[in-house]
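Hi,

Here is the model I promised to pass on. Have a look at it first, and my notes follow below.

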Amino acid sequence: MEIKYLIEGPVSQKLILKLIEKAGSKTDSGGHSIFLGQVRADEIKGKKVKAIEYSAYEELVNAEAEKIKTIILSEFNDVKSIDIIHSTGVVRAGEISLLVFISAGHRYHAMQASSKAVELIKENLPVWKKEIFEDDSHVWK
Amino acid sequence: MEVKVLFFGVLSEVAGTGVKHYRDVKSVADLKIRINDDFPEIAHYNFRVSVNSEITDKDLVLKTGDEIALMPPFAGG
């Protein structure tokens with residue numbers, strides 16, 4: 001299954017399930033760490049966030065995500081595979097906008113690598129977000 | 001010569017567009033002056049620049065077909 005780094009709209013339950021199914025074929029893995037980033041309904045100055053609109057520089061996202069994978073694989077040699085999926089476009093509060101799926105020989109490495117990958121994604125992936133409030137006004141983050 | 005400039009995040013709102021072409025710009029610094037003239041408000045924002053998908057803080061010489069992106073701090077996740 002070919003998965004790109006960016007998808008339009010939220011990360012669906014169907015996609016998450018597909019990845020879990022795919023992981024079943026990796027019998028050299030003893031653990032999978034799945035991180036799901038969710039859109040939070042923050043309240044800012046009395047206004048509630050109803051959705052986030054993400055935009056990204058796709059070419060650079062692809063290059064940076066590859067770099068992140070290389071870093072993780074070189075730091076954690078027990079890691080067998082890494083999937084990174086980030087949303088673009090509108091994702092509503094309560095929906096998933098980021099998925100990091102790491103399979104490793106042992107659980108500890110899967111969890112450590114997942115934490116590091118998420119930090120690298122936050123720092124290096126060229127993605128921007130516009131928080132949209134219930135009254136349709138917005139603020140860039 | 002002509003280069004393509006991409007405005008991301010809040011800068012797309014400042015410029016009122018995500019993409020604009022500029023002609024006869026010599027370098028990144030030269031381009032920044034031109035952009036600043038067009039959109040003075042941009043001076044209030046921090047951003048990094050990439051040239052052909054490579055983030056750089058150098059004043060590179062530009063050539064026809066180059067793609068320059070203006071990127072405010074990343075906010076993924």
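**What I found**

Of the 77 residues in chain B, 29% are buried, where buried means that 20 or more other C-beta atoms lie within 10 Å of the residue's own, exposed means 12 or fewer, and partly exposed is in between, with C-beta atoms placed from the backbone. Before the rest, a word on provenance: this is a predicted model, so local features need pLDDT of at least 70, side-chain atom pairs count only at pLDDT 80 or more, and totals for chains, interfaces and linings use all residues. Residues are numbered from 1 along each chain as its sequence is written, while chains are lettered from A and ligands numbered from 1 in the order in which they are written.

**Chain B**

Chain B has two helices and five strands, and along the sequence they run β-α-β-α-β-β-β. Helices (H or I, at least four residues) and strands (E, at least two) are DSSP runs, numbered from the N terminus. The C-alpha trace spans about 35 × 25 × 20 Å along its principal axes. Among the contacts in chain B with a separation of 6 or more, 54% are between residues 24 or more positions apart. Two residues count as in contact if their C-beta atoms, placed from the backbone, lie within 7 Å.

The five strands make an open sheet of mixed pairing, in the order E2-E1-E5-E3-E4. Two strands pair if DSSP finds at least two bridges between them. At the edges of the chain B sheet are strand E2 (19-23) and strand E4 (54-56), each of which pairs on one side only. From one strand to the next, the twist averages 30 degrees; axes here are lines fitted to C-alpha atoms, for helices over the stretch in contact, and angles run from 0 to 180 degrees between N-to-C directions. Within that sheet, strand E3 (residues 48-51) and strand E5 (residues 67-71) of chain B are antiparallel partners over four bridges, and Ser50(B) sits opposite Ala69(B) in E5(B).

Which loop holds Asn52(B)? Asn52(B) is in the loop between E3 and E4 of chain B, and Ser53(B) is found in that loop too. Neither is a glycine, yet phi is positive in both: near 50 degrees for Asn52(B) and near 65 degrees for Ser53(B). Asn52(B) counts as partly exposed because it has 14 C-beta neighbours inside 10 Å, and Ser53(B) counts as partly exposed with 16.

Over in helix H2 (residues 28-38) of chain B you will find Lys32(B). Lys32(B) is partly exposed, with 18 other C-beta atoms within 10 Å.

**Chain A**

Chain A has three helices and eight strands, in the pattern β-α-β-β-β-α-β-β-α-β-β. Its C-alpha trace spans about 50 × 25 × 25 Å along the principal axes. Buried residues make up 35% of the 141 in chain A, and 77% of the contacts in chain A with a separation of 6 or more are between residues 24 or more positions apart.

My pick here is strand E6 (residues 96-104) of chain A: eight of its nine residues are buried, so E6(A) is largely enclosed by the rest of the structure. Strand E2 (residues 31-38) of chain A pairs with E6(A) in the antiparallel sense over eight bridges, with Gln38(A) opposite Ile96(A). Strand E5 (residues 79-92) of chain A is also antiparallel to E6(A), over seven bridges, and Asp83(A) has Phe101(A) as its bridge partner. The hairpin of E5(A) and E6(A) has three residues between the strands, and Gly94(A) takes a positive phi near 95 degrees there.

**Where the chains meet**

The contact takes 18 residues from chain A and 13 from chain B. On the chain A side, the elements giving two or more residues are helix H2 (58-75), helix H3 (107-124) and strand E7 (127-133). By class, that side has 10 nonpolar, four polar and four charged residues. Ala, Val, Leu, Ile, Met, Phe, Trp, Tyr, Cys and Pro count as nonpolar, Asp, Glu, Lys and Arg as charged, and the others, Gly among them, as polar.

Cheers
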